[in-house]
Amino acid sequence: MEIVIVPAERIGDLAAGAVVALLARKPDAVLGLATGSSPLSTYAALAERHRRGEVSFARARGFLLDEYVGLAAGHPERYREVVRRELEDSVDFAADAVQGPDGLATDVPAACADYEARIAAEGGVDLQLLGIGTDGHIGFNEPGSSLASRTRIKTLTPQTRADNARFFASPDEVPHHVLTQGLGTIREARHLVLVATGAAKAEAVHAMAEGPVSAFCPASVLQLHPHATVLVDEAAAGRLVLADYYRHTYAGKPEWQGL
Ligand SMILES: N[C@@H]1[C@@H](O)[C@H](O)[C@@H](COP(=O)(O)O)O[C@@H]1O
């Protein structure tokens, strides 16, 4: 795992740079798209680089990490809508190039199996963007999630519902249930890029990178991945025991290596 500690305002450009480099060498790459506030600066940087003509998504495909159960089509907080608004509307994905789990499915296990099959049919995810919850979740894999889990329905913890309440008119409106790619699904992406900023994430970032690999901290599954990049600001890095070592390593890294 590579941990990069940089000012928050550089994180979006760095993560976008990894996506741009990927699309330059593989224009039909499959992107794993996350929601929450963490990837927003990356999406803004990608939109800007697209506007400048530096990157095209015309042949790229995208798969959402997760989705709320039961939010009506068109609901502004439905993750399918969020990704449309925050990224697709500003770049040139082909129609239907981005897919998400069906949070309105009546046969949930079938919808989840179908989502896994659709990811596999596109050749798997090349680069998966991730945030991290304050309880160490990635996607919506809450503590206790099997490290081998596949796309399935999960129940949100009260902490995650409270954290996400800011996006809804009232805390009661946050759905209790979600569909999420499993930790086993996420691990199959070829490159994981996790973004975390702010002191509220410091404990989770420490547990993810420096604690045991454990279902109790689902993000710790990144320790099992051969190419995981973690982009954090000073506040989110605040509990990292080896922060100085990570800084030293990144400072000496040749630029040609990329992320
Ligand atoms: N399902 C999403 C996660 O993918 C995201 O990582 C997390 C953190 O969100 P934020 O980036 O807003 O802190 O929120 C939600 O629970």
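**Surroundings of H137 and E142**

Mentor: Leaving aside residues up to four places away in sequence, H137 is in contact with E142, T160 and P218; contact means that the C-beta atoms, placed from the backbone, lie within 7 Å. This is a predicted model, in which local features need pLDDT of at least 70, side-chain atom pairs count only at pLDDT 80 or more, and totals for chains, interfaces and linings use all residues. Residues are numbered from 1 along each chain as its sequence is written.

Trainee: Where is the place of H137?

Mentor: H137 sits in the loop between strand 6 (127–130) and strand 7 (152–155). Strands are DSSP runs of E, at least two residues, and helices are runs of H or I, at least four, numbered from the N terminus.

Trainee: Is H137 buried or exposed?

Mentor: H137 is buried, because 26 C-beta neighbours lie inside 10 Å. The cut-offs are 20 or more other C-beta atoms within 10 Å for buried, 12 or fewer for exposed, and partly exposed in between.

Trainee: And which residues does E142 touch?

Mentor: With residues up to four places away in sequence not counted, E142 touches D135, H137, K154, L156, T157 and T160. E142 also lies in the loop between strand 6 and strand 7, and is buried, with 21 other C-beta atoms within 10 Å.

Trainee: Which residues does the UniProt "active site" annotation cover?

Mentor: The unreviewed UniProt entry lists D66, D135, H137 and E142; its positions follow the numbering used here, feature names are shortened, and annotations may be inferred rather than shown by experiment.

Trainee: Changing topic, how many helices and strands does the protein have?

Mentor: The protein has eight helices and ten strands.

Notes
Contact = placed C-beta atoms within 7 Å.
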